[in-house]
Protein chains: 2
Amino acid sequence: MFSKSCEYAIKAMIFVAQKSNADTRVGIKEISKGTDAPEHFMAKIMQDLSRRKLIHSVKGPNGGFYMDASDLKNSIADIVKAIDGDVIYSDCVLGLKVCSEKNPCPVHFEYKEIKKSLIKMIENNTIADFNEKLDTGMYFLKNK
Amino acid sequence: MFSKSCEYAIKAMIFVAQKSNADTRVGIKEISKGTDAPEHFMAKIMQDLSRRKLIHSVKGPNGGFYMDASDLKNSIADIVKAIDGDVIYSDCVLGLKVCSEKNPCPVHFEYKEIKKSLIKMIENNTIADFNEKLDTGMYFLKNK
DNA sequence: TACTCACATGATTTAGAAAACATGATTTAT
DNA sequence: ATAAATCATGTTTTCTAAATCATGTGAGTA
Ligand code: FES
Ligand code: FES
């Protein structure tokens, strides 16, 4: 569904949202531990997210990553688009070069509806939403 | 969503269903051309499908692949399970090692519904169904 | 029987994603 | 100013899916 990078990115964003505020930054080590992701790989992903302005970063001692109010308004879809591009939006499930109504694969119209709800899901859920959810302690970013 | 192998497998099954009957077998070359798949790779996949009894094969001159009435009753889900296993059924969208209600990731419950309709789609559509669809000439297994 | 056609099987190679490494740049604290 | 912390950047390695190659096996035909 999503690339490994994208999975990590989503988890990292939710993790940082949870742990950070204006004064408290979160470092790569903590992020990778909290999300069960390889540290160096996660570092790379965080740089991407930062370059694409989905998250803020501060260098030096006591530096790290954090999110401000506007960062929290980003949806999962924004992260997915930043990391995986628009494959979710444009790819054919059966691997045709282009997915279109003019040259539809046999499952195109059935899949269309599913794709619609998938997109709705990632577009309607903001980081802030997950923030609240996680506060309940009923959701996890890694296995216990 | 599906592995490349699985995409090819689905297309091949639909293609053979279309082109074959008791007397007319379809060869690897024709299948790979008709589905835009690499010949040798497709050969491998066809062997898998044949070993798993999803399709029939005949060696020698005028040999090839064909499907009988009971083969046509297989669903897309049967193909997916044969090639990709149960990843669609059991994997977590955010990559947690196990997807469960006890240790759900933040999107688990939202995704659950989508997964349900996805599974419904692949389980409710048999090869025979697609056969009829393709007859209308409105569906394609490769780009024009 | 001998020859050829077409699928079967296993080994090998390729390509791209995932992960790790090495080095550079910026900030804070002393 | 110096040193340590931490993110940034580019390169290299590893791993696996994808694709290819080489060879084997059974069936048909003359
Ligand atoms: S053409 Fe296959 S999903 Fe649209
Ligand atoms: S735990 Fe992530 S989808 Fe179920």
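## What counts as near the DNA

A residue is near a strand if one of its heavy atoms lies within 4 Å of that strand. Keep that cut-off in mind for what follows; this is a predicted model.

## Who sits around strand C

With that cut-off, 27 residues surround DNA strand C, and the closest are A:Phe41, A:Pro61, B:Lys44, B:Gln47 and B:Ser57. Sorted by class, this surface has 12 polar, 9 nonpolar and 6 charged residues.

On the phosphate side, a backbone N or O atom of A:Lys4 lies 3.0 Å from a phosphate oxygen of DNA strand C, and the side chain of B:Arg51 has an N or O atom 3.2 Å from a phosphate oxygen. For the bases, look at B:Lys44: one of its polar side-chain atoms lies 2.6 Å from a base nitrogen of DNA strand C.

Which elements give two or more residues to this surface? From chain A they are helix 1 (4-19) and helix 3 (39-51); from chain B, helix 3 (39-51), strand 1 (56-58) and strand 2 (64-66). Helix 3 of chain B gives the most, with 4 residues.

## A lysine between the chains

Over in helix 8 (residues 127-135) of chain A you'll find A:Lys133. Is this lysine buried or exposed? A:Lys133 counts as buried because its relative accessible area is 18%, and the cut-off is under 20%.

Its side chain reaches the backbone oxygen of B:Pro106 at 3.0 Å. Leaving out residues up to four places away in sequence, A:Lys133 touches A:Met138 and A:Tyr139, plus B:Pro106 and B:Glu110 from chain B.

How values were computed: Residues numbered from 1 in each chain as written. Chains lettered and ligands numbered in written order. Predicted model: local features only at pLDDT ≥ 70, side-chain atom pairs only at ≥ 80, totals over all residues. Heavy atoms only, no water. Buried < 20%, exposed > 50% of the residue type's maximum accessible area, 1.4 Å probe, protein only. Polar contact = N/O pair within 3.5 Å; in protein donor to acceptor, adjacent residues only side chain to side chain. Contact = heavy atoms within 4.5 Å. Nonpolar A, V, L, I, M, F, W, Y, C, P; charged D, E, K, R; others polar.
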